Amino acid sequence: MMESLKTHIREYVDISDEKLERYCNAFILRKIKKKDFLLKEGDICEFEGFIVNGCFKVSHTDRNASEQILYFGIENWWISDIDSFINGIPSKLNIQALEDSEILLISKENKERLYQEMPEIERLMRLKFQMSIIALQRRIIDNLSKSSEERYIEFLKDYSKTAHRLTNIQIAAYLGVTPEFISRIRRKIVNKN
């Protein structure tokens, strides 16, 4: 289980075997069944997680009981409610497994302690945070400037390893469109080919 985390870390930072082992030992493995929640809205997020295998959705339910999916997480992705995790406030998000999944979790206390002891880990997380901000910025720009069809086609390209694992309803909740719209676009694409 730890090998995927170790490989991932080494892609971003140069770290000794000893430090890498110490860092990885701060994680606990959790197995989550399909449809079970890792985090529910209203709870305080006390972890950051590295997905070993499986698929999760991070979502918010609005006042009309409509689900809006912020992002999906698959193998080698980090997942958390960063606002709740950092500020210790109740989460506005749900994190739910879309498949039977395994995830490595680290607590805030362990993470902060290891930041102090290992600058390499702080660098790793800074790089991952920057990548998350870039993805968020691009998503906002796309939502403001592209048509729903363009966003769907780009979603298929950007999430090529994930899209086949999702339902039309889940993709629609991510794109902010109806499942029927997704079905129409899929038919249109098939008819073009």
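User: At roughly what angle do the axes of helix α1 and helix α5 (residues 119-145) cross?
Analyst: This is a predicted model, in which local features need pLDDT of at least 70 and side-chain atom pairs count only at pLDDT 80 or more, while totals for chains, interfaces and linings use all residues. Residues are numbered from 1 along each chain as its sequence is written, and side-chain values use heavy atoms, with hydrogens and water left out. Helices (H or I, at least four residues) and strands (E, at least two) are DSSP runs numbered from the N terminus, and axes are lines fitted to C-alpha atoms, for helices over the stretch in contact, with angles from 0 to 180 degrees between N-to-C directions. The axes of α1 and α5 come within 9 Å, and they cross at roughly 85°.

User: Which term describes how α1 lies to α5?
Analyst: Angles under 35 degrees count as roughly parallel, over 145 as roughly antiparallel, 65 to 115 as roughly perpendicular and the rest as oblique. The crossing of α1 and α5 is at roughly 85°. The term for α1 against α5 is therefore roughly perpendicular.

User: How many nonpolar residues does the contact of α1 with α5 have?
Analyst: Contact means heavy atoms within 4.5 Å, and here His8, Ile9 and Tyr12 of α1 meet Arg123, Leu124, Leu127, Lys128 and Met131 of α5. Ala, Val, Leu, Ile, Met, Phe, Trp, Tyr, Cys and Pro count as nonpolar, Asp, Glu, Lys and Arg as charged, and the others, Gly among them, as polar. Sorted in this way, the contact of α1 with α5 has one polar residue and two charged ones, while the number of nonpolar residues is five.

User: Is His8 buried or exposed?
Analyst: His8 has its place in helix α1, and, not counting residues up to four places away in sequence, His8 touches Phe50, Asn76, Trp78 and Lys128. Buried means under 20% relative accessible area, exposed over 50%, and partly exposed in between, with a 1.4 Å probe and protein chains only. Because its relative accessible area is 4%, His8 is buried.

User: What is the orientation of α1 (residues 2-12) to α2 (residues 17-24)?
Analyst: The axes of these two helices come within 11 Å and cross at roughly 125°. Met2, Leu5, Lys6, Ile9 and Arg10 in α1 meet Asp17, Leu20, Glu21, Tyr23 and Cys24 in α2, and these contact residues divide into six nonpolar, no polar and four charged. The orientation of α1 to α2 is therefore oblique.

User: What distance separates the C-alpha atoms of Cys45 and Ser84?
Analyst: Cys45 has its place in the loop between β2 and β3 (48-53), and Cys45 is buried, with a relative accessible area of 2%. Leaving aside neighbours within four places in sequence, Cys45 is in contact with Leu39, Ser80, Asp81, Ser84 and Phe85. Although Cys45 and Ser84 are 39 residues apart along the chain, their C-alpha atoms are separated by 5.4 Å.
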